[in-house]
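Here are a few notes to go with your first look at this one. Have the model open while you read, and click through the residues as they come up.

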Amino acid sequence: MENLRNKKGFLCDMDGVIYHGNQLLPGVKEFVSWMQETGKNFLFLTNSSERSPRELAQKLSRMGMDVDESHFYTSALATAKFVSSQSPRCTAYVIGAPGLFNALYEAGITMNDVNPDYVIVGETSNYNYESILKAVHFVQKGARLIGTNRDMTAPSEKGIIPACRALISPIELTTGSKAYYVGKPNPVMMRTGLKLLSCHSAEAAMVGDRMDTDIVAGVETGLDTVLVLSGVTTVEEMNKFPYRPRYVLGGVGEICP
């Protein structure tokens, strides 16, 4: 654990690591305070595309934690950056929440429900059959299909709920097209996270609750990995994967000395 505590920087997932819905998880305040007091570089690297960094900072503020919005990077921002670099000033039909729409607007991508270049899907509570039909139609007409992340499920206060890959599946199955997923474990998002963290991979650790996104992303990027059991993964499920995290902890509070 001393080796972990001596890391210069931490990339941390949020859902299942920092909170469930609007419920802060045990030990989180102590962990964040420890990082701030010891001068650690830290970045909340979340696959959730629903909220902007400012909204995430305000959410933590309502839970009693003061964290500047510069410490947040979302799959919505990563998706907007990727799509705009691939096709500057393109258009998109979007199924998602305000955090995704705002990121795309700021990257110069405009909304189009007639003949979009892309269909982009993220988490949203406004998911409905009509939006699926439109997305299917546009993909069949040649629009490229993008998912903000490949999470199938997400933890919430009410239990496990469908996430991006579950929402995009009907479109993939109907059209035969496979989406390109930008969020973790995509190296596109991980490299940006390390750059924002101002750390080399050997100096940082990845903390998350998912083997198929957080932990594999850390392993493939050369970071030490920390699986916390406060989210969607159990020890039994962890053992089904061919790779292992460096550390397995009950929650992030155990990182504090």
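1. Start with the largest nonpolar core, which holds 32 residues. Bear in mind that this is a predicted model. If you want the residues with the most contacts inside that core, pick out Phe 10, Ile 18, Phe 44, Leu 60 and Val 207.

2. Two or more residues come from each of β1 (9-12), α2 (28-37), β4 (41-46), α3 (53-62), β13 (204-208), β14 (224-228) and β15 (247-249). The top contributor is α2, with five residues.

3. Phe 44 deserves a click of its own. Setting aside neighbours within four places in sequence, Phe 44 touches Cys 12, Asp 13, Met 14, Ile 18, Val 32, Leu 60, Val 67, His 71, Phe 72 and Tyr 73.

4. Now for a helix pair: α4 (residues 75-86) and α5 (residues 98-106). Their axes come within 8 Å and cross at roughly 30°. Angles under 35 degrees count as roughly parallel, so α4 and α5 are roughly parallel to each other. Their crossing is right-handed.

5. Which residues in α4 and α5 meet? On the α4 side, look for Ala 76, Leu 77 and Ala 80. Across from them, α5 brings Gly 99, Leu 100, Ala 103 and Leu 104. By type, the residues of this contact are six nonpolar, one polar and no charged.

Notes: Residues are numbered from 1 along each chain as its sequence is written. This is a predicted model: local features need pLDDT of at least 70, side-chain atom pairs count only at pLDDT 80 or more; totals for chains, interfaces and linings use all residues. Side-chain values use heavy atoms; hydrogens and water are left out. Axes are lines fitted to C-alpha atoms, for helices over the stretch in contact, and angles run from 0 to 180 degrees between N-to-C directions. Helices (H or I, at least four residues) and strands (E, at least two) are DSSP runs, numbered from the N terminus. Angles under 35 degrees count as roughly parallel, over 145 as roughly antiparallel, 65 to 115 as roughly perpendicular and the rest as oblique. A crossing is left-handed if the near helix is turned anticlockwise from the far one by less than a right angle, and right-handed if clockwise. Contact means heavy atoms within 4.5 Å. Ala, Val, Leu, Ile, Met, Phe, Trp, Tyr, Cys and Pro count as nonpolar, Asp, Glu, Lys and Arg as charged, and the others, Gly among them, as polar. A nonpolar core is a set of buried Ala, Val, Leu, Ile, Met, Phe, Trp, Tyr and Cys residues joined through side-chain atoms within 4.5 Å. Buried means under 20% relative accessible area, exposed over 50%, partly exposed in between (1.4 Å probe, protein chains only).
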